[in-house]
Amino acid sequence: MQLMIISAVTGGITDLSFHAIGYTWQIINCFLTASYSLTLRRVMDTAKQVTKSGNLDEFSMVLLNNTLSLPLGILLILLFNEMDYLSRTPLLQLPAFWLVTTFSGLLGLAISFTSMWFLHQTSATTYSLVGSLNKIPLSVAGIFLFHVSTSLENSASILFGLLAGVFFARAKMQDKSQTRS
């Protein structure tokens, strides 16, 4: 945990500016993401107990997750009058729009299935940490692809993030081996 915090602080030192609203949104995002994964895990465990078979597959969990998100989606569509915009936009006439939209939906479905499988196999803590650690390869790829000059702080942030992931994985493996014996 401390290594993740050190990684975040060393990465944040290189920010060009501090904007309270941006950081507030980021903090809210972190709390909501963690709350979502913990709540989803609790719902998964509860749903397993109330089903006849006592087991939910990934398809059932994806269906449950997407069904639970429908009321909020419908509320936002009505609140921001999206139906009016959709009825007037010429994008709906373009076949490329439908192709990209269909591909995006299938990709989202695949991500949802893999997320549910991963959360089903691990704990909510591991799920959240892996979600955070996936930013490291993205950061490294961004540095190379966009020819970003690196600093000691950027490199330290990536290094501490990697170390945090390694130590967490090692601790999980030791914990698992101790529970087996």
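A residue counts as buried when its relative accessible area is under 20%, as exposed when that area is over 50%, and as partly exposed in between. In this predicted model, Phe97, with a relative accessible area of 26%, is therefore partly exposed. Its ring forms an edge-to-face pair with Trp98, the centres lying 5.6 Å apart and the planes standing at 80° to each other.

A search of the whole structure finds two aromatic pairs. In the other, the rings of Phe59 and Phe113 have their centres 6.3 Å apart and their planes at 20°, so this pair is stacked. Phe59 belongs to helix 3 (residues 58–79) and Phe113 to helix 5, so that the pair links parts of the chain that are 54 residues apart.

| Residue | Relative accessible area | Class |
|---|---|---|
| Phe59 | 52% | exposed |
| Phe113 | 27% | partly exposed |
| Phe97 | 26% | partly exposed |
| Trp98 | 44% | partly exposed |

Helix 5 (residues 95–121) also packs against helix 2 (residues 20–50), with an angle of about 75° between them and their axes 11 Å apart. Since angles of 65 to 115 degrees count as roughly perpendicular, helix 2 and helix 5 are therefore described as roughly perpendicular to each other. On the side of helix 2 the contact is made by Tyr36, Ser37, Leu40, Arg41, Met44 and Lys48, while helix 5 contributes Met116, Leu119 and His120. By residue type, this contact of helix 2 with helix 5 comprises five nonpolar, two polar and two charged residues.

Methods. Residues are numbered from 1 along each chain as its sequence is written. This is a predicted model: local features need pLDDT of at least 70, side-chain atom pairs count only at pLDDT 80 or more; totals for chains, interfaces and linings use all residues. Side-chain values use heavy atoms; hydrogens and water are left out. Axes are lines fitted to C-alpha atoms, for helices over the stretch in contact, and angles run from 0 to 180 degrees between N-to-C directions. Helices (H or I, at least four residues) and strands (E, at least two) are DSSP runs, numbered from the N terminus. Angles under 35 degrees count as roughly parallel, over 145 as roughly antiparallel, 65 to 115 as roughly perpendicular and the rest as oblique. Contact means heavy atoms within 4.5 Å. Ala, Val, Leu, Ile, Met, Phe, Trp, Tyr, Cys and Pro count as nonpolar, Asp, Glu, Lys and Arg as charged, and the others, Gly among them, as polar. Rings of Phe, Tyr and Trp (its six-membered ring) pair if their centres lie within 6.5 Å; planes under 30 degrees apart count as stacked, over 60 as edge-to-face and the rest as tilted. Buried means under 20% relative accessible area, exposed over 50%, partly exposed in between (1.4 Å probe, protein chains only).
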